[in-house]
Amino acid sequence: MAKSSRSLSILLAALLIAPCAPLAAARRRAPRVKAEGSPTPAPRTPAPQTAQNEGELPLAAKGAIVIDACTGETLYERNADEPQFPASTTKIMTALLVIEAGDLDREVEVTLEDSKVGESSLELKPGQRFTRRQMLYGLMLKSANDVAHALGRDNGGSIEAFALKMNQRAKELGATSTHFVNPNGLHDLAHYTTPRDLARIARAAMQQPLFRQIVSTRDYDWVVDSESHPLRNHNRLLDRFPGCTGVKTGYTYPAQQVLVSAATRDHREVIAVVMHTDKPGIWDDSMLLLDYGFEHHGETIKAE
C-alpha cells in the first residue's frame, strides 16, 4: 500500500482541480512531420547563444513550455512545436488510458513477452499477477518498461493496438504533432512528441485524481509474493520544489533528459515541460519554468 492516505490524497486532488473548467477541445495544429508514422529527424543542436534576449530564460533544454494547468494558457515557450523524443514521459499517456478504462482492481497476468522488456524494469516474471492499480505505481514511480508493456498489452490486446489508442487519444487532446509506437518510450524514430503536445497530455492526466495521487507519491511498497520492495519516485522536484505535484521523468541517449513537472502556488497550478536537456538542466530548467509560470500569469513569451 502507498504510505500516504489514499482517501485524503484523492480528496485533496479533487479540491485542487475543482476550479478548473472541463478540458476544452484544444486548437489543432498541423504536424511538423511529413506524415503520421514517418520518422522525425534527429534533434538539431542549436547555435551557441552569446546573449539572452529580453524575457528569455537561460534554459539548457532544446524545447520547453510552461502552461496554466487550469486554462491551458501558454505562459512561456521555446521551440514548443519541434518534435523531440519523449523517452519515459510517454508513460503519462499510458497511465491516462489505463485510468480512463477503469476496472483498476482487475489483475493483469504477466506474459513472457512482458518479462523480456529490458532497461528500467521491475523484473516481472511470467505468470505473476498484479492489479492494474498496483502496476500504475510501478509504471510512474519506478518507470518500469516491463510494467508499461503489460499494461499496454492488457488494455489494447496488443502493443500495436494500444499504440493506435495512444495516438487517437493524443489527437483528441489536440496533440497533433505526436506519434507513439509503444507504451514505455523506448527509443524509436517514429516515436515522438513536442513540448506543447506533452503539456496537453499531462494536463489531461492531471485532471484524473488517481493519476495526481500516484505522481505525487514519493515512496510506494511494491509487494511480490508477500515480500515488499520499496520504490522511490524519480522526480526530485517533489522534495526540491515547494508545491510540486508530479509528474514524470524520462531519459534515453537520443532523447537526453526529459521532465514534465507540475506545482501549485496561491491556488494556481502550472505544468512545465523540458525536452532534450542535460542532467542539471532537468531540474534547474524545470524550476525556472515553474517559477516563471507563477510570476507571469496572463503573459506569453515565445523565445526564438
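**Note on the predicted model**

1. Of the 304 residues in the protein, 55% are buried (under 20% relative accessible area, with exposed meaning over 50% and partly exposed in between, for a 1.4 Å probe and protein chains only). This is a predicted model, in which local features need pLDDT of at least 70 and side-chain atom pairs count only at pLDDT 80 or more, while totals for chains, interfaces and linings use all residues. Residues are numbered from 1 along each chain as its sequence is written, and side-chain values use heavy atoms, with hydrogens and water left out.

2. The secondary structure comprises 10 helices and 10 strands; these are DSSP runs numbered from the N terminus, helices being H or I of at least four residues and strands E of at least two. Among contacts (heavy atoms within 4.5 Å) between residues at least 6 apart in sequence, 66% join residues at least 24 apart.

3. The largest nonpolar core contains 59 residues, and Met-135, Leu-136, Phe-211 and Trp-222 have the most contacts inside it. Such a core is a set of buried Ala, Val, Leu, Ile, Met, Phe, Trp, Tyr and Cys residues joined through side-chain atoms within 4.5 Å. Helix H2 (residues 91–101) supplies the largest share of this core, 7 residues. A second, separate core has 23 residues, including Leu-59, Ala-61, Ala-64 and Tyr-76.

4. Which residues does Trp-222 contact, leaving aside neighbours within four places in sequence? Among them are Leu-122, Leu-124, Phe-130, Met-135 and Val-147, together with Glu-227, Ser-228, His-229 and Leu-231.

5. Strand S5 (residues 219–224) runs antiparallel to strand S6 (residues 227–232), and 6 bridges join the two; strands pair if DSSP finds at least two bridges between them. Val-224 has Glu-227 in S6 as its bridge partner. The two strands form a hairpin with 2 residues between them, and Asp-225 in the turn has a positive phi of about 50°.

6. Is Leu-139 buried or exposed? Leu-139 counts as buried because its relative accessibility is 0%. This residue lies in helix H4 (residues 132–141). Leaving out residues up to four places away in sequence, Leu-139 touches Lys-91, Thr-94, Ala-95, Ala-144, Val-147, Ala-148, Leu-151 and Lys-248. Thr-94 is 45 residues from Leu-139 along the chain, yet their C-alpha atoms are separated by 8.9 Å.
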